[in-house]
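Please have the structure in view while reading.

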Amino acid sequence: MKSYIAVDIGASSGRLMLGQQENGKLTLKEVYRFTNGFSMEDKHDRWNIDHLINEIFRGLEKVKQMGISDVTLGIDTWAVDYVLVGSNGKKLEDPISYRDKRTHNAIQRLTSQLPKEYIYEKTGIQFQDFNTLYQLYTENRDLLSETDKIMMIPDYIGYVLTGNAVTEVTNASTTQMLNLRVGLFDKDLLAEVNVSEEQFPHLVESGTVLGNVSYHWHKKYDIPNVKVVTVATHDTASAVVGTPGQGDRWAFLSSGTWSLLGTELNVPENGLQAFHENYTNEWGAYGTYRFLKNIMGLWIAQSVRHELDDKYTFNELADMAEQVKPFEQFIDINDERFVNPQNMITELQSYCKETNQKVPTTPGELFQAIYSNLSLFYANELSKLDEILGYHIDTLNIVGGGSNVGLMNQLTSTLANIEVVAGPGEATAIGNIMVQMVASDEVENVNAGRRLIAKSFDLKKYHPETNKYGTILNDYQKFIQNHVKEMV
């Protein structure tokens, strides 16, 4: 029985998940979990990348203690952030987090030289302040001149483990610097941010074997023999691989710290309507494109729970929210003010005061406001997705942590008038492992993998409650339109 380890690292934690195939089903077990987070260092919010690497090895020691001597391993993390590596092969400094303030107004500054339409036609990627393009635009020029290689976070970790450097396409596409037509970094865009194509390791597809963990690590840690496969290294790309979608008209909602809502396409969609709605064409595994909208997601809920001193579980908070009437206020949860405020509760309450709406105060009111407005946002985006694609999406597959929030899933189903299939919650780790299984010839292809996932994990279905909320979605859409006009 082959053993696969998914190293899945998010903004607040990372874990090692063990996957094996037993009796025709995929099993999943958490082996080790560790913390993650950024902290202020040299006037910037930075990730402690050495901590993450050390924790991976500690997790691999746990794997060996389980009696497993050989494993295949894949690494996925968040997107857009990078490590600058000098000519000696060592990092020049700890990587700066995408939530750092340095890219504020960077889009406006860069697009005063290059029109947005020009950049979108080239890349098909949505405009967000924290995209790698704008991070490099604001990067220290002296530091860039010392840089031999620019590596995305999971690629850097794989490089440290094996000594081999690559740039995996699903994560590289989020930089907003890959050209859709030629499939390479766009030299015109690179020139605008003072970097060259040669500073990036060569591009590879998901499923490429990277190599074995270097011998010198075995002298420092008591770990199994580890073969590293470059999986879909962007966590959303892995989550989509791990989504058991069936047919041609399903959408996915990868619901975690961020919510990524969209569908899988074989050909990118970078026309004017997609541009105006700020949809993105991130590259997926196996020659696909993740046509999606990036939405703030459960970051807001995570922040509020933490500000409530973490004294309630998410299940308890959802139960409290169930007791509160939904849609007591409309909130544009994608407003930039919610990206990294000093206090999320205060920010939500200030927003409601400024828009003359009921102010949520209790934990139940706060969480109902968050979940109901996320549901409204999802339903609104699904209607836009139908318009852009020219056909109706039949099913929404919700994966990730949000698949466990029954209140939000039912609201979304009813508002969007669509069947919702929730689960698996661990789609990212599952997708990571599935790419390893395909690379190891244990699973034929991604379609066979999705069928295996569907029969291996419990999935919950939600059906629309007809005419339950009247014109709420239309009222919300009008509010958002007016809010955007006021912002402009």
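In this predicted model, strand S13 (residues 250–255) and strand S17 (residues 395–399) run parallel and are joined by five bridges. Within this pairing, alanine 251 stands opposite leucine 396 in S17. The points below place these strands in their sheet and then turn to the helices.

**The sheet**

- S13 and S17 belong to an open sheet of seven strands, ordered S15-S16-S14-S13-S17-S18-S19, and the pairing in this sheet is mixed.
- The edges are formed by strand S15 (280–283) and strand S19 (460–462); each has a single partner strand, so one side of each has no neighbour in the sheet.
- On average, neighbouring strands of this sheet are turned by 30° against each other, direction ignored.

**Helix H16 and the sheet**

- Helix H16 lies across S13, S17, strand S18 (419–422) and S19.
- Relative to S19, H16 runs at about 40°.

**Helix H15 and helix H16**

- Two packed helices are described by the angle between their axes and the distance between the axes.
- For helix H15 (residues 363–389) and helix H16 (residues 406–416), the axes come within 8 Å and cross at roughly 35°.
- The crossing of H15 with H16 is right-handed.
- Residues of H15 that meet H16 include Gln368, Tyr371, Leu374, Tyr378 and Leu382.
- On the H16 side, the residues in this contact include Leu407, Met408, Leu411 and Leu415.
- By class, the contact of H15 with H16 comprises 11 nonpolar and four polar residues, with no charged residues.

Technical notes:
Residues are numbered from 1 along each chain as its sequence is written. This is a predicted model: local features need pLDDT of at least 70, side-chain atom pairs count only at pLDDT 80 or more; totals for chains, interfaces and linings use all residues. Side-chain values use heavy atoms; hydrogens and water are left out. Axes are lines fitted to C-alpha atoms, for helices over the stretch in contact, and angles run from 0 to 180 degrees between N-to-C directions. Helices (H or I, at least four residues) and strands (E, at least two) are DSSP runs, numbered from the N terminus. A crossing is left-handed if the near helix is turned anticlockwise from the far one by less than a right angle, and right-handed if clockwise. Contact means heavy atoms within 4.5 Å. Ala, Val, Leu, Ile, Met, Phe, Trp, Tyr, Cys and Pro count as nonpolar, Asp, Glu, Lys and Arg as charged, and the others, Gly among them, as polar. Two strands pair if DSSP finds at least two bridges between them.
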